[in-house]
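Visitor: Please walk me through this one. I want the criterion behind each label.

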Protein chains: 2
Amino acid sequence: MKKPVVETLLTPALFELYNEGIEKKNVVVIDILRATTTICVAFENGAAEMAPVATPEEAETLRKTGYLAAAERNGNTVPGFEFGNSPQEFTQNRVAGKKIAFTTTNGTRALQLSHAAANVYIGSFLNIDALAQKLLTDNLDTILFCAGWKDKVNIEDTLFAGALADRIKHQFEAGGDAVMIARDLYEFAKPNIADYLQKASHVQRFKTLHVESDLDVCLKLNTSINIPVYKNNCIKLPNNESVHI
Amino acid sequence: MKKPVVETLLTPALFELYNEGIEKKNVVVIDILRATTTICVAFENGAAEMAPVATPEEAETLRKTGYLAAAERNGNTVPGFEFGNSPQEFTQNRVAGKKIAFTTTNGTRALQLSHAAANVYIGSFLNIDALAQKLLTDNLDTILFCAGWKDKVNIEDTLFAGALADRIKHQFEAGGDAVMIARDLYEFAKPNIADYLQKASHVQRFKTLHVESDLDVCLKLNTSINIPVYKNNCIKLPNNESVHI
C-alpha cells in the first residue's frame, strides 16, 4: 500500500508550490516563537476560541463584540491590547472560557493560506507527540508549514518540522528535499535543542526584547495533548474542551 | 571594523527578499547537479565562453552564429544538441577554444536573476577553496544563491552553500537563519558527502536517468582554481585563460 507523503514548506513565500491538492491534505502550521506555542498554551488553559486576523484593526473590531485581543508586531505587544504574543501571558485566570482575537507577524498568514486543507492543525513542542499520533491516525498526505520570519526561512520552525517528520517517518514517505533537510537539522540539534537555538535570529531578537524566558516555555515537550484546529477563520479544540494530561 | 555579511538564498523563488543592494554584493551561483559543475569543467578544459540562455530555441539561435549548444530539460539532453548537462561530455577535445551556449532547468534562471550583482561567481565543489579565497579577498557582502529544483529547495545546493559558508565563517557574519541551516547541514553531512547525498531527490533522479557516475565528478574537491564569472549575459574566466593546478 502506498505510504502518505510528508512535505516541509519552509516559508509562506513558497506556498503556491505546495497548494495543489491541498484539500485532500493535512497541514500543520508551525510558528514556534511564538504564535503556535501561545495558541497551544491558551487552549491548555481553557480558552474557548482563538480568531487569527491579519491586522490589529481587525482584532480591535472583534474586541468590540466581546473578544479579548492579542496583537504583536515585530515581537512587541501593540499598545492598548490585552495580550501580546508571549505564551506566559495566557494564564488560566485570564483566558479560561474566553474568546481571543489575535494577530501576529507570520503565524496568521500561514494559517490563512492553509484554509482549504482537509485539516489545519496547530503544532508546537508542547503537543508534538499528540500531533504525531494524530497524523499517523489520519494517514493523509501532510504539509508541515513553517511560518518563517517575513517570508525567510527560520531555524526554529524548520527544526520543529524535522522533529515532527522524524516521529512519523516509518509510516510516511519524504516528499522532496526540504523535509530531509529539516529532519537532519533536527538530528544535528537534538542533543540540546535549547543550546542549539541560541544561534537563531529570533532568539537573538528575544534577548533585545527581554523575553528570553519565553524560549523555555516554547521548548517544553509534551505538556499538552490538545490539538487546536483552524477552520472557518477560527481555532478551536475539536471537542471544544481542553483535555489535561 | 564591521564584518561583511554572508547570506544563503535557498531558491530563486525567494530572490526578491535578497535583491536590495545587490549591486554592492557578490553572488555565488550554485547548481551542483549539474550546471555550475559542468561550467567549471568546461573552463578547466579550455572553453572560451559559455552563454546561458533561457530556452533551447535561444541556444539554437546562438548555434547558428558559431556556438556549440548544450541543452537539458528535466535531466535529459535536448535532441539535436551537441551537449546535455553532463560534465563528462565537456572534454578538452570537444570544448577547448569553443564558445558554448547552454540552457538548463534551474541554473540559467539563477544566473539571470543575479545579473546586477557586483560580481557573479560560478561555484562548485571543483573550485570551492579557490572561491572561498576569492570571497575572503573581495571582502564584500555575499549571497550564496542556490538554484534549487523548480523553485523548491534542494539538498545538494544547500549543502554546498554550507560548505562554502563554513570556509569563510571567521571573516563573515552570518546574515539570517538560512546560512546557519546550510552550515549545520554541511557539518552533519561532512563525514561522507557522497553517501549523504544518496537521499537527495536529484540523485534519485540520476539513477532513473542512468547518470550516476556524474555524481562522482560533481563531488570532486578542488580540481580547479578557475573561477568563472557571469557578466553581460555570458560566462568567462577573468583573464580569459584557464589556470591549471
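**Labels and their cut-offs**

Guide: The contact between the chains draws 22 residues from chain A and 22 residues from chain B. This is a predicted model, in which local features need pLDDT of at least 70, side-chain atom pairs count only at pLDDT 80 or more, and totals for chains, interfaces and linings use all residues. Residues are numbered from 1 along each chain as its sequence is written, with chains lettered from A and ligands numbered from 1 in the order in which they are written.

Visitor: What makes two residues a contact?

Guide: Their C-beta atoms, placed from the backbone, lie within 7 Å.

Visitor: Which element gives the largest share of the side of chain A that touches chain B?

Guide: α7(A) does, with eight residues. Helices are DSSP runs of H or I, at least four residues; strands are runs of E, at least two; both are numbered from the N terminus.

Visitor: Why are α6(B) and α7(B) called roughly perpendicular?

Guide: The axes of α6 (residues 155-167) and α7 (residues 177-189) of chain B cross at roughly 95° and come within 7 Å. Angles run from 0 to 180 degrees between N-to-C directions, and axes are lines fitted to C-alpha atoms, for helices over the stretch in contact. Roughly perpendicular covers 65 to 115 degrees. α6(B) and α7(B) are therefore roughly perpendicular to each other.

Visitor: How do the residues of that contact divide?

Guide: Into nine nonpolar, two polar and two charged. Ala, Val, Leu, Ile, Met, Phe, Trp, Tyr, Cys and Pro count as nonpolar; Asp, Glu, Lys and Arg as charged; the others, Gly among them, as polar.

Visitor: Why does B:V120 count as buried?

Guide: B:V120 lies in strand β7 (residues 119-123) of chain B. Buried needs 20 or more other C-beta atoms within 10 Å of the residue's own. B:V120 has 25 C-beta neighbours inside 10 Å, so B:V120 counts as buried. Beyond four places in sequence, B:V120 touches residues including B:V27, B:V29 and B:L111.

Visitor: What makes β2(A) mostly covered?

Guide: Five of the five residues of β2 (residues 26-30) of chain A are buried. A:N26, A:V28 and A:I30 point one way, A:V27 and A:V29 the other way.

Visitor: How do you know that β2(A) pairs with β7(A)?

Guide: Pairing takes at least two bridges found by DSSP. Five bridges join β2(A) to β7 (residues 119-123) of chain A, and the two run parallel. A:N26 stands opposite A:N119 there. Five bridges also join β2(A) to β8 (residues 142-146) of chain A, again running parallel. In β8(A), A:I143 is the bridge partner of A:V27.

Methods: Parallel < 35°, antiparallel > 145°, perpendicular 65-115°, else oblique. Buried ≥ 20, exposed ≤ 12 C-beta atoms within 10 Å, placed from the backbone.
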